[in-house]
Amino acid sequence: MKIAVSGCLLGEKVRFDSGHKRDDFVMDELSRYAEYISFCPENMAFSNPRPSIRLVKNANESLKVESNKTGADLSAALHEASLLDLQNIASHELRGIIFKSKSPSCGLMSAKVYLENGFAEGKDDGVFAAMCRAKFPLLPMEEEGRLCDAWLRENFVMQLFAYDGFEKFKANADMKGLVAFHTANKFMLQSKDETLYRELGKIVGNHEQKSFTQIFGEYEFLFKTAIAKKSSKGKTRNVLEHMSGFVKSFLNAEEKAMLHEQIDDYAAQIIPLIVPLSTLKLYASKYGVNYLLEQTFLSPYPKELALRSSVKCVK
Ligand code: SF4
């Protein structure tokens with residue numbers, strides 16, 4: 001799958017000081033499953049080395065780009081280069097974008113904004129990140145800084161692969177396929193947003209007898225919106241409990257108790273998610289519970305990424 005990435009994260013020496021910000025997760029792990037499309041609007045506009053720049057809020061509340069060295073207004077040049085980079089990445093079938101955090105070009109709500117008097121005034125999207133957000137409103141996007149958090153990283157990678165799965169399915173989609181797709185994604189969607197999952201179910205139910213083209217468009221929008229939501233420990237616990245309901249009739253009292261203890265220990269952040277999931281998978285496989293085995297939530301991305309082996313969680 002193709003992912004657009006800030007060039008400096010790929011180890012390219014494109015920063016203002018001719019350095020880079022190579023990111024180990026991007027380069028050593030995710031790269032095994034992705035083809036990267038590099039961008040760097042600042043390097044395209046100003047080459048390197050170059051004076052650093054910053055975002056400045058005018059009296060009329062609009063943002064401009066200023067040279068930290070001379071105070072010159074560089075907005076037009078950066079805007080033009082950003083448009084060219086945008087055009088380039090848009091020519092690929094992207095599955096996501098990874099931005100360098102805190103940059104006045106690439107930061108995703110993390111670029112510092114200054115007032116004309118020099119005081120800092122909150123944070124905003126960098127110039128290029130804002131253009132990407134407008135151009136690709138449903139595309140998975142994240143900053144490398146946030147990907148250091150194990151839970152956010154897992155959420156983002158799950159979103160990338162779910163998005164990719166949808167695009168692959170879309171190529172030959174029909175009504176029967178949509179029902180099967182929705183069924184296979186049930187627990188993944190519930191782990192993201194129960195309400196949106198139910199809304200998606202209503203779309204697939206199609207009680208208003210809409211055309212397939214219409215319901216497919218509605219489904220796509222809501223599916224991509226749902227997978228962009230962050231999961232939580234509570235939502236994931238509910239999903240695990242729900243899944244255990246599909247195997248419990250096959251288990252003896254001791255096995256049931258062990259499974260529930262694992263789910264409790266996961267919720268208490270004593271053991272990682274991979275433990276109760278592996279147990280559920282084992283029982284589903286042993287007792288032929290195909291409904292569970294076909295759930296994308298059991299294997300949402302290549303297991304080698306080992307993103308469910310951390311006990312850290314944001315909520
Ligand atoms: S943060 Fe963006 S603009 Fe800055 S060096 Fe990296 S890719 Fe280029």
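Leaving aside its neighbours within four places in sequence, I89 is in contact with A4, I37, F39, L94, I97, F128, C132 and F136, where contact means heavy atoms within 4.5 Å. I89 also belongs to the largest nonpolar core, which has 83 residues, and I89, I97, F99, Y219 and F223 are the members that touch the most others in it. A nonpolar core is here a set of buried Ala, Val, Leu, Ile, Met, Phe, Trp, Tyr and Cys residues joined through side-chain atoms within 4.5 Å; buried means under 20% relative accessible area, exposed means over 50%, and partly exposed lies in between, with a 1.4 Å probe and protein chains only. Helix α5 (residues 150-170) gives this core its largest share, 10 residues, and at least three residues come from each of domain 1 (2-148) and domain 2 (150-315). In soluble globular proteins, nonpolar side chains tend to be buried together.

The model is predicted, so local features need pLDDT of at least 70 and side-chain atom pairs count only at pLDDT 80 or more, while totals for chains, interfaces and linings use all residues. Residues are numbered from 1 along each chain as its sequence is written, and side-chain values use heavy atoms, with hydrogens and water left out.

## The chain as a whole

The chain holds 13 helices and eight strands; helices (H or I, at least four residues) and strands (E, at least two) are DSSP runs, numbered from the N terminus. Its C-alpha atoms fill a box of roughly 75 × 50 × 35 Å, taken along the principal axes. Of the 315 residues, 48% count as buried, and the chain exposes about 15,100 Å², of which carbon and sulfur atoms supply 52%; these areas come from the Shrake-Rupley method with a 1.4 Å probe, and for residues only the protein chains shown count as cover. Among contacts between residues at least 6 apart in sequence, 68% join residues at least 24 apart.

The chain is divided into domain 1 (2-148) and domain 2 (150-315), with bounds that come from an automatic or database domain assignment. Taken over C-alpha atoms, the centres of domain 1 and domain 2 are separated by 33 Å, and the contact takes 19 residues from domain 1 and 19 residues from domain 2.

## The parallel sheet

Four strands form an open sheet in the order β2-β1-β5-β8, with parallel pairing; two strands pair if DSSP finds at least two bridges between them. Because β2 (35-39) and β8 (141-143) stand at the edges, each with a single partner strand, one side of each is left without a neighbour in the sheet. From one strand to the next the twist averages 25 degrees, where axes are lines fitted to C-alpha atoms, for helices over the stretch in contact, and angles run from 0 to 180 degrees between N-to-C directions.

| Strand pair | Sense | Bridges |
|---|---|---|
| β1 and β2 | parallel | five bridges |
| β1 and β5 | parallel | four bridges |
| β5 and β8 | parallel | three bridges |

Helix α5 lies across β1, β5 and β8, and runs at about 155 degrees to β5.

## The mixed sheet

Another open sheet of four strands has the order β4-β3-β6-β7, with mixed pairing. Its edges are formed by β4 (63-67) and β7 (120-124), each with a single partner strand, so one side of each is left without a neighbour in the sheet. The twist here averages 40 degrees from one strand to the next. Strand β3 (residues 53-57) and β4 run antiparallel and are joined by five bridges, and K57 stands opposite L63 in β4.

L115 is found in strand β6 (residues 111-115) and, at 26% relative accessibility, counts as partly exposed. Leaving aside its neighbours within four places in sequence, L115 is in contact with V56, K57 and E121. The C-alpha atoms of L115 and F246, which are 131 residues apart along the chain, are separated by 58 Å.
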